[in-house]
Amino acid sequence: MIICPNCKEDIDDDSLFCDQCGEKLYYCSSCGKVGMGKRCSYCGGIMESPRDPSVTSFPNIRGNRNGKTLGETTSGQVASIDNSVRDGNDSLVLESMVLGICIKAMHDALIGRKEGPYTKQFSNCRYVSGCHAKLEENANHQWTITDMNSSNGTMVNGIPLQPGKPANIKNGDKVTLANITLTVKLS
């Protein structure tokens, strides 16, 4: 477990975002400690996100349940960090101008009041479940949304999703989480 530098809550070692406050986590490229800012407050190393394309591994970070270092496979070889979040032409935004909600989609991110990187945006939305839906980008760079067995359901263009079954979403689609409708925008 590590402590979120923003809210001071205990979170899983391999977290990219705090599951309590939604803060993006940065790790020191020298000592591996989690922190905020551009420089590590422990050793002065450069703070980096595990999703940065230039980052392949971080020393001293225990991430997996099997005790391997983040980026290390079960055979002990270092694997590259998942770089599926890009700021290129495939970035996806979900927004509601009326409610003032605008979120940039991240691969494998949960949407909910209590889980995932978007908790700040949905914490006061009482009909949205704690863990409502999941966004994913597949190998063909197609975005999908999956209902995570939410209490009040997820719809794409008015069609209810079956829990656990991903549905493709594209530019202009309307995604409804309980009673909140968001417009899909690709940029």
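**Entry 1: the cysteines**

I began with C7, which counts as partly exposed at 26% relative accessibility. My scale for this: buried is under 20% relative accessible area, exposed is over 50%, and partly exposed is in between, with a 1.4 Å probe and protein chains only. C102 is partly exposed too, at 47% relative accessibility.

Next I looked for disulfides. A disulfide is a covalent bond between the sulfur atoms of two cysteines. I took a pair of cysteine sulfur atoms within 2.5 Å as the rule, and the count came to 0 disulfides.

A note to myself on the source: this is a predicted model, where local features need pLDDT of at least 70 and side-chain atom pairs count only at pLDDT 80 or more, while totals for chains, interfaces and linings use all residues. Residues are numbered from 1 along each chain as its sequence is written, and side-chain values use heavy atoms, with hydrogens and water left out.

**Entry 2: the whole chain**

I found 1 helix and 15 strands in the chain. Both are DSSP runs numbered from the N terminus: helices are H or I with at least four residues, strands are E with at least two. Of the 187 residues, 42% are buried.

I also checked contacts, meaning heavy atoms within 4.5 Å. Among those between residues at least 6 apart in sequence, 36% join residues at least 24 apart.

**Entry 3: the open sheet**

Which strands form the open sheet, and in what order? I read off 6 strands in the order β7-β6-β15-β14-β11-β12, with antiparallel pairing. β7 (101-104) and β12 (159-160) stand at the edges with a single partner strand each, so one side of each has no neighbour in the sheet. Two strands count as a pair if DSSP finds at least two bridges between them.

M155 has P160 of β12 as its bridge partner.

**Entry 4: strand β6**

I then followed β6 (residues 92-96). Here 5 of its 5 residues are buried. L92, L94 and S96 point one way, V93 and E95 the other way.

β6 and β7 form a hairpin with 4 residues between them, and G100 in the turn has a positive phi of about 70°.

**Entry 5: E95, buried or exposed?**

E95 is buried, with a relative accessible area of 12%. Its side chain makes a polar contact with the side chain of K185 at 2.4 Å. For a polar contact I need a pair of N or O atoms within 3.5 Å; within protein, one must be able to donate a hydrogen and the other to accept it, and residues adjacent in sequence count only if both atoms are side-chain atoms. Leaving out residues up to four places away in sequence, E95 touches I101, C102, T181, L182, T183 and K185, so C102 from my first entry turns up again.

**Entry 6: K8**

Last, I found K8 in the loop between β1 (2-3) and β2 (10-11). K8 is exposed, with a relative accessible area of 55%. Its side chain reaches the backbone oxygen of P5 at 2.7 Å. K8 and Q20 are 12 residues apart in sequence and 9.4 Å apart in space, C-alpha to C-alpha.
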